[in-house]
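Here is a short briefing on one protein model. Keep the sequence and the 3D view open as you read.

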Amino acid sequence: MSTFPTSITCTGLSFSWPDGTEVLDGFQLAVGPGRTGLIGVNGSGKSTLLKLIAGELTPADGTVRIAGEVGYLPQNATLDTALRVDQALGIAATRAALHAIEGGDASEEHFTAVGDDWDVEERALATLDQLGLGRIGLDRTIGEVSGGECVLLRLAALLLARPDVLLLDEPTNNLDLHARRRLYGAVEAWSGVLVVVSHDRELLELVDQIADLRDGEVSWYGGGYSAYEEALAAEQEAAERMVRVAEADVQRQKRELADAQVKLARRKRYGQKMYDSKREPKIVMNARKRAAQESAGKHRIMHTQKLAEAKERLDEAVEAVRDDDEIRVELPYTTVPPGRGVLVMRDLELRYGARVDGEWELRGPERIALVGPNGAGKTTLLRTIAGELRPVAGEVVTHVPLRFLPQRLDVLDDALSVVENVARFAPEATNNRIRARLARFLFRGARADQPAGTLSGGERFRAALAALLLAEPAPQLLMLDEPTNNLDMASVRKLTAALDAYEGALIVASHDVPFLESIGITRWLLLEDGTLRPTTADEVLSAR
């Protein structure tokens with residue numbers, strides 16, 4: 001690592017997508033040493049900002065300055081399955097040169113390749129062991145490891161490179177409970193500048209400060225996520241008090257303006273009466289009339305200005321109160337009576353070796369949590385139930401309409417707009433009906449005409465869920481694969497509330513135990529070592 005202080009500085013940063021959607025305009029940011037948690041609602045620009053800092057995107061205007069080397073772990077980290085582990089770690093050339101020297105080849109090119117990195121293998125194995133990947137070794141191929149292990153390998157490569165600035169975008173997505181613990185340890189041990197985008201509360205408790213990205217600006221809060229929530233609650237309570245004070249002031253100014261207008265009207269009537277009765281000389285009455293009109297004009301202007309100022313203060317107070325849009329998921333009425341057969345699996349053998357022995361049945365509106373380590377076969381099982389994969393042996397029988405929302409959210413065509421994607425699943429629905437449904441998922445007006453390929457992770461989830469729920473027939477068995485991966489915390493709460501109102505059967509594969517506990521799981525199933533068996537929430541948590 002370099003010895004000079006590291007920092008990130010964004011000055012006057014502006015960026016828009018090719019379709020004209022503005023993400024940042026004149027954005028300012030300065031981040032120093034320490035761990036920073038970058039949060040914000042879906043679509044606020046968090047991932048885009050990390051890509052701009054990492055140099056993955058080019059701003060339309062403004063500058064990004066980094067003091068030191070940058071390491072970046074994107075949200076959807078993928079690796080070529082043909083690569084060896086040492087290639088993925090970026091040490092293959094150094095390792096090959098080291099082995100050549102050890103084998104007696106004293107060529108200068110080998111010494112140049114090694115440089116001062118004589119302990120590269122030891123450091124690599126120690127880093128893999130730190131992340132729980134010690135059993136993998138350096139010679140296996142990426143195709144032999146799970147998706148979660150690929151994420152940890154990408155992180156291991158960054159830790160080995162020892163960058164000054166580390167950027168992590170939703171790093172716990174797709175990680176099982178054990179892998180998350182390993183990543184938490186790596187984050188906690190990190191020195192230098194670290195910026196992590198995440199909705200993982202446990203990870204956000206490890207940061208030194210929270211940067212809340214909202215409406216193109218960042219607000220800073222010291223401490224982890226709990227401290228942020230406390231500070232925000234106090235801010236919002238004060239802001240709501242200010243709204244009440246401002247509302248009272250507006251009403252008072254309205255009353256004073258009305259009172260002033262009544263008094264002025266009375267004066268006008270009295271003056272007219274005096275003029276009609278000619279009790280005073282005409283020149284005196286005209287002078288008095290002009291003075292009254294001038295006075296009336298001044299009073300009207302004064303009270304109108306005071307009312308306008310009070311309304312402006314109210315607008316400012318209201319703006320300080322957060323009213324974050326959340327997805328309004330309204331699941332169709334899909335009641336499954338108790339005892340009704342929903343799904344049966346018999347002597348099922350899946351691709352890649354996992355199996356369900358004997359007969360397994362889901363009846364009535366049960367809520368099944370499917371848990372297990374990365375690579376155990378949870379996604380394969382869900383895809384087999386959904387009919388996307390054929391079992392090696394055995395059978396799956398479903399008795400009700402089924403919908404499956406995959407982890408990859410690849411139900412959407414990137415070239416089509418959000419509206420067009422939803423229309424593919426509901427060809428009989430009118431354009432107005434589709435747009436009305438999409439509005440509940442925060443795709444209003446031009447937002448509904450965005451190409452799916454330009455959506456953020458959370459926006460893509462909303463669009464995919466809308467397509468699934470608008471499809472006919474509505475699902476009486478709903479299967480979700482890691483549904484909270486790309487959702488901000490507000491949207492997770494809303495999804496939880498929506499699933500709580502759902503009256504069909506539910507199967508959810510997730511590593512997010514607090515989320516699973518919040519949706520009323522009735523049965524926990526563990527897929528591990530190739531077999532499916534019953535478990536409990538306590539057993540899952542104790543295994544962490």
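Is E395 buried, partly exposed or exposed? E395 is partly exposed, because its relative accessible area is 36%. Buried means under 20% relative accessible area, exposed means over 50%, and partly exposed lies in between (1.4 Å probe, protein chains only).

This is a predicted model, so local features need pLDDT of at least 70, side-chain atom pairs count only at pLDDT 80 or more, and totals for chains, interfaces and linings use all residues. Residues are numbered from 1 along each chain as its sequence is written, and side-chain values use heavy atoms, with hydrogens and water left out.

**Strands and sheets**

- Helices (H or I, at least four residues) and strands (E, at least two) are DSSP runs, numbered from the N terminus.
- Two strands pair if DSSP finds at least two bridges between them.
- Six strands form an open sheet with mixed pairing, in the order 5-6-7-3-8-9.
- Strand 5 (70-73) and strand 9 (217-222) are its edge strands, and each pairs on one side only.
- On average, neighbouring strands of this sheet are turned by 20° against each other, direction ignored.
- Axes are lines fitted to C-alpha atoms, for helices over the stretch in contact, and angles run from 0 to 180 degrees between N-to-C directions.
- Strand 3 (residues 34-39) and strand 7 (residues 193-197) run parallel, joined by five bridges. T36 has V195 in strand 7 as its bridge partner.
- Strand 10 (residues 341-349) and strand 11 (residues 355-363) run antiparallel, joined by seven bridges. Here L343 stands opposite L362 in strand 11.
- The hairpin of strand 10 and strand 11 has five residues between the strands, and Y352 there takes a positive phi near 70°.

**Helix 6 and the cores**

- Helix 6 (residues 147-161) lies across strand 5 and strand 6 (165-169), and runs at about 180° to strand 5.
- A nonpolar core is a set of buried Ala, Val, Leu, Ile, Met, Phe, Trp, Tyr and Cys residues joined through side-chain atoms within 4.5 Å.
- The largest nonpolar core has 51 residues, of which L89, L128, L153, L168 and I210 touch the most other members.
- Helix 6 gives the largest share of this core, 10 residues.
- Contact means heavy atoms within 4.5 Å. Leaving aside neighbours within four places in sequence, L89 is in contact with residues including L128, L153 and L160.
- A second, separate core of 45 residues includes L177, A448, A466 and V492.

**Charged pairs**

- A salt bridge is a side-chain nitrogen of Lys or Arg within 4 Å of a carboxyl oxygen of Asp or Glu. The structure holds 25 salt bridges.
- R35 pairs with D208 in a salt bridge, with the closest N and O atoms 3.5 Å apart. R35 lies in strand 3 and D208 in the loop between helix 8 (201-204) and strand 8 (209-214), so the pair ties together parts 173 residues apart in sequence.
- R35 counts as buried at 15% relative accessibility, whereas D208 counts as partly exposed at 39%.
- D200 forms a salt bridge with R180, the closest N and O atoms being 3.4 Å apart. Both D200 and R180 are buried.
- R346 forms a salt bridge with E395, the closest N and O atoms being 2.8 Å apart. R346 is in strand 10 and E395 in strand 13 (residues 393-398), 49 residues apart.
- A network of salt bridges links R84, D86, R95, E121 and D139.

**Cysteines**

- A disulfide is a pair of cysteine sulfur atoms within 2.5 Å. A search of the whole structure finds zero.
- C10 is buried, at 2% relative accessible area, and C150 is buried, at 10%.
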